[in-house]
Amino acid sequence: MDVDLTLNEYTRLQEQECKDLLRLFHGMGIATADRVYAPGDAVYREGEYGDGLYILTSGVLKLFRPYSGSKEATLRLLKPWDIFGHLAFAGEARQLAYAEAVTECRVTKVPKVFVERGIRRDPQVAFKLATLLELRLVQYEELVRCLLPRETEVRLANLLPILAQKFGEPSGEGTITIALRLTHQDLAAMVASTRESVTKVLNDMRSRGLIEVRSGRITLKDARALVEIGQV
């Protein structure tokens, strides 16, 4: 997977589909609810009733699940125009993870009953939802691929270009900086490893000139080399 310094096709399509879906709802007079969350605020918790469709319109949000007591596994980092939440139209849906704001976030929620009403009134709503769910599945498949190798180095080499695609900013001379402050523990939670292992791998990548780390922000200096490591 090559790193693109602009929004990739999936990102552009996802943003357009989300905006189109909201326009369809508003055109039907269907109400949506907007709310701003401060860093650390929970949008919902694991086990809560899944009563709506959530769309992140600004900020960064993470989905995670706790394990082994105080540890947590980060399932996804979300950017604007990602959809999230477990929404089932048959039976009772429970949220499968925690959703928590990383930065200040604005989230639009469409209650489940209104989503169902929109689907009944206009088939385009169902088509837009199906497209967005397919795009979400593609992102999950990318993250699963990160976890398939056993070595932390390979997992990180897969993860960093994905984060650069989602949150990257060009930083000159063909480099790209992930515009998030990520601790070694944050990265460990994303690749199912330990903080110590991640620290060792990042130090090695930095000494080889593959990355640079300043103030918690990682710059990819040789993205192609990272991709090659990830393909091992």
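A residue counts as buried when its relative accessible area is under 20%. The model before you is a predicted one. Of its 232 residues, 44% count as buried.

I begin with the overall build. The protein contains seven helices and 12 strands. Along the principal axes, its C-alpha atoms fill a box of roughly 60 × 40 × 30 Å. How does the radius of gyration agree with that of a compact globule? For 232 residues, such a globule would have a value near 17 Å, and the protein has 19 Å, which agrees.

Next, the contacts. Among contacts with a separation of 6 or more, 71% are accounted for by residues 24 or more positions apart.

Where does Lys79 sit? Its place is in the loop between β5, residues 71-78, and β6, residues 83-84. Is Lys79 buried or exposed? Its relative accessibility is 6%, so Lys79 counts as buried, given that the cut-off for buried is under 20%. Which residues does Lys79 touch, if those up to four places away in sequence are not counted? They are Thr11, Gln14, Leu56 and Gly59, together with Lys166 and Phe167.

Thank you for your attention.

Technical notes. Residues numbered from 1 in each chain as written. Predicted model: local features only at pLDDT ≥ 70, side-chain atom pairs only at ≥ 80, totals over all residues. Heavy atoms only, no water. Helix = DSSP H or I, 4+ residues; strand = E, 2+ residues; numbered from the N terminus. Rg over C-alpha atoms; globule rule 2.2 N^0.38 Å. Buried < 20%, exposed > 50% of the residue type's maximum accessible area, 1.4 Å probe, protein only. Contact = heavy atoms within 4.5 Å.
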